[in-house]
Every structure is written in C-alpha cells, then in structure tokens.
Amino acid sequence: MAHHSEPAEHLTHEQLKFNEHTVRAGHFTKIDLFRSAREEYKAALVYKPGDDTCLREIGVMNSYIARDRKTVLTVVPIVTAIILIIAFLG
C-alpha cells in the first residue's frame, strides 16, 4: 500500500505526505475503519493525482463500506424487533 522507494532524506514534501497518508490508510484498513482509510487515500491523491493504487484502494474501501451498510440495515431491524418483543412480553 505505501510507496517507499527512496530513503526519506531524498523524498520531496509531496512524496513524504503521500507516503504518510497511504501508510495511515493501511493502518485504518487493518482495524476496519474503512471510511477513514478512504479519506486518507483521497488525501494522498492530492499529492499524487491519479495514483492507480490509491484509486483502486478507494474502490475497495467503497465496497467494504457498502457491505457494512447492508449488514447494519439488515441487523438493526432484527435487533429492534427482538427488543420490542421482549419489552411487550416482559
């Protein structure tokens, strides 16, 4: 995910910032913070517009976000129904 091809002392400010954002995005992805990861990849694109890796990872994050949204929209009504049933029976 991160693009570390040169020693840090030879990198431009833009390359350092790009690396910072892509590394942070990788950390967010590891702990399933997909929206935060997506925002970090978007921030990295400011420093390296059109980067294929960032664009691909943004697509992956969008698919994870959509999957999680679907899960929430399925689970929340079921849990709410169970709570209401318990409240009425109790």
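**Exercise 1. Start from E39 and work out how its salt bridge is placed in the model.**

Let's begin with E39, which is partly exposed at a relative accessible area of 40%; partly exposed lies between buried (under 20% relative accessible area) and exposed (over 50%), with a 1.4 Å probe and protein chains only. This is a predicted model, in which local features need pLDDT of at least 70, side-chain atom pairs count only at pLDDT 80 or more, and totals for chains, interfaces and linings use all residues. Residues are numbered from 1 along each chain as its sequence is written, and side-chain values use heavy atoms, leaving out hydrogens and water.

Next, find the partner: E39 forms a salt bridge with K42 (3.6 Å, N to O). The term requires a side-chain nitrogen of Lys or Arg within 4 Å of a carboxyl oxygen of Asp or Glu. K42 is partly exposed too, at 39% relative accessibility.

Finally, look at the spacing: the two residues sit 3 apart in helix 2 (residues 34-47), so about one helical turn separates E39 and K42. Helices here are DSSP runs (H or I, at least four residues), numbered from the N terminus.

**Exercise 2. Compare the accessibility of K48 and D51.**

First, the contact: the side chains of K48 and D51 form a salt bridge at 3.7 Å, N to O.

To widen the view, salt bridges with shared partners link K17, E20, R24 and E40 into one network. Across the whole structure, the search finds 7 salt bridges.
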